[in-house]
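Dear colleague,

I am handing over the structure below, and my notes on it follow directly after.

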Amino acid sequence: MVVKETLRLHPTLPLLARESIKYSKIDGYDIYPKTWVLINTWALARNPKYWKNPEEFLPERFKDNSFSLAENQNFEYKPFGGGRRICPGLNMGIVLTELVLAHMLYTFDWDLPEGLNAEDLNMEGL
């Protein structure tokens, strides 16, 4: 849940480039074959039409959700692209991310430096 929420807020590719293969009309715009289209995945992941409180880090939103990173057909969540041109390192990236996170949580003793309180930390995203 934490990895999926992190990828929602900070997608690996904020802009996906695609080439259209046939004529389409989207929101009144004519998209002709061989036209390059940029898909703003960053904006899709923060769209209040699809996400409740889109700017907040809420891993719980993926608790009962069946968002699969590899076979995701929901266009509001595409951190690795999709279709034929999905990131080839998707599976390796997810496994390594979970492995590194689990190793860090298990191995290190996480404490604040001496004299620093939890209230002193700035936990806002960049």
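In helix α1 (residues 2-9), the buried residues are Val 3, Glu 5, Leu 7, Arg 8 and Leu 9, where buried means under 20% relative accessible area, exposed over 50% and partly exposed in between, with a 1.4 Å probe and protein chains only. Helices are DSSP runs of H or I with at least four residues, strands are runs of E with at least two, and both are numbered from the N terminus. The cover over these buried residues of α1 includes α2 (41-45) and α3 (90-107), contact being heavy atoms within 4.5 Å.

This is a predicted model, in which local features need pLDDT of at least 70 and side-chain atom pairs count only at pLDDT 80 or more, while totals for chains, interfaces and linings use all residues. Residues are numbered from 1 along each chain as its sequence is written, and side-chain values use heavy atoms, with hydrogens and water left out.

Leu 105, which is found in helix α3, counts as exposed because its relative accessibility is 56%.

Two loop residues have a positive phi without being glycine: Asp 27, at about 50°, lies between β2 (24-26) and β3 (29-31), and Lys 34, at about 70°, lies between β3 and β4 (36-40). Asp 27 counts as exposed because its relative accessibility is 75%, and Lys 34 counts as exposed at 63%.
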